[in-house]
Amino acid sequence: MQSTLRAKIINVCDKKIATKGENVGLSFYAFFANKNDDPELLMEAATWWIHTHQLDHFVKAYKIKQMVLDGL
């Protein structure tokens, strides 16, 4: 995973947890604006989320953050 994507995921998870609490769920779309301005990064996130880890559409932010920190 690119370091930019890793940093973006951790940052978004931290912000969502801070504002909505530990039980907040996210989809991989949460890491991108409504405008598809970086299709390669979006595909990397989608591949990591859907293909590599077969995650549900919504997953708890703390779980996603921990997976990224663990290098999964």
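**Close-up views of a predicted model**

**View 1. Phe28 sits in a loop of this predicted model.** The loop that holds Phe28 runs between strand 1 (25-26) and helix 2. Phe28 is buried, with a relative accessible area of 7%. That value falls under the 20% cut-off, so Phe28 counts as buried. Leaving aside residues up to four places away in sequence, Phe28 touches Leu42, Ala45, Ala46, Trp49 and Ile50. Val12 lies 16 residues from Phe28 along the chain. The C-alpha atoms of Phe28 and Val12 are separated by 10 Å.

**View 2. The largest nonpolar core has 23 residues.** Phe31, Trp49 and Ile64 have the most contacts inside this core. Three helices contribute: helix 1, helix 2 (39-52) and helix 3 each supply at least two residues.

**View 3. Phe31 touches Trp49 and Ile64, among other residues.** Its partners also include Lys8, Ile9, Val12, Cys13 and Leu26. Residues up to four places away from Phe31 in sequence are not counted here.

**View 4. Helix 1 (residues 3-20) packs with helix 3 (residues 61-69).** The angle is about 150°, and the axes are 9 Å apart. That makes helix 1 roughly antiparallel to helix 3, because angles over 145 degrees count as such. Helix 1 passes helix 3 in a left-handed crossing.

**View 5. Residues from both helix 1 and helix 3 make the contact.** Helix 1 brings Arg6, Ile9, Ile10, Cys13, Asp14 and Ile17. Helix 3 brings Ala61, Tyr62, Ile64, Lys65, Val68 and Leu69. By class, nine residues in the contact of helix 1 with helix 3 are nonpolar, three are charged and none is polar.

Notes. Residues are numbered from 1 along each chain as its sequence is written. This is a predicted model: local features need pLDDT of at least 70, side-chain atom pairs count only at pLDDT 80 or more; totals for chains, interfaces and linings use all residues. Side-chain values use heavy atoms; hydrogens and water are left out. Axes are lines fitted to C-alpha atoms, for helices over the stretch in contact, and angles run from 0 to 180 degrees between N-to-C directions. Helices (H or I, at least four residues) and strands (E, at least two) are DSSP runs, numbered from the N terminus. Angles under 35 degrees count as roughly parallel, over 145 as roughly antiparallel, 65 to 115 as roughly perpendicular and the rest as oblique. A crossing is left-handed if the near helix is turned anticlockwise from the far one by less than a right angle, and right-handed if clockwise. Contact means heavy atoms within 4.5 Å. Ala, Val, Leu, Ile, Met, Phe, Trp, Tyr, Cys and Pro count as nonpolar, Asp, Glu, Lys and Arg as charged, and the others, Gly among them, as polar. A nonpolar core is a set of buried Ala, Val, Leu, Ile, Met, Phe, Trp, Tyr and Cys residues joined through side-chain atoms within 4.5 Å. Buried means under 20% relative accessible area, exposed over 50%, partly exposed in between (1.4 Å probe, protein chains only).
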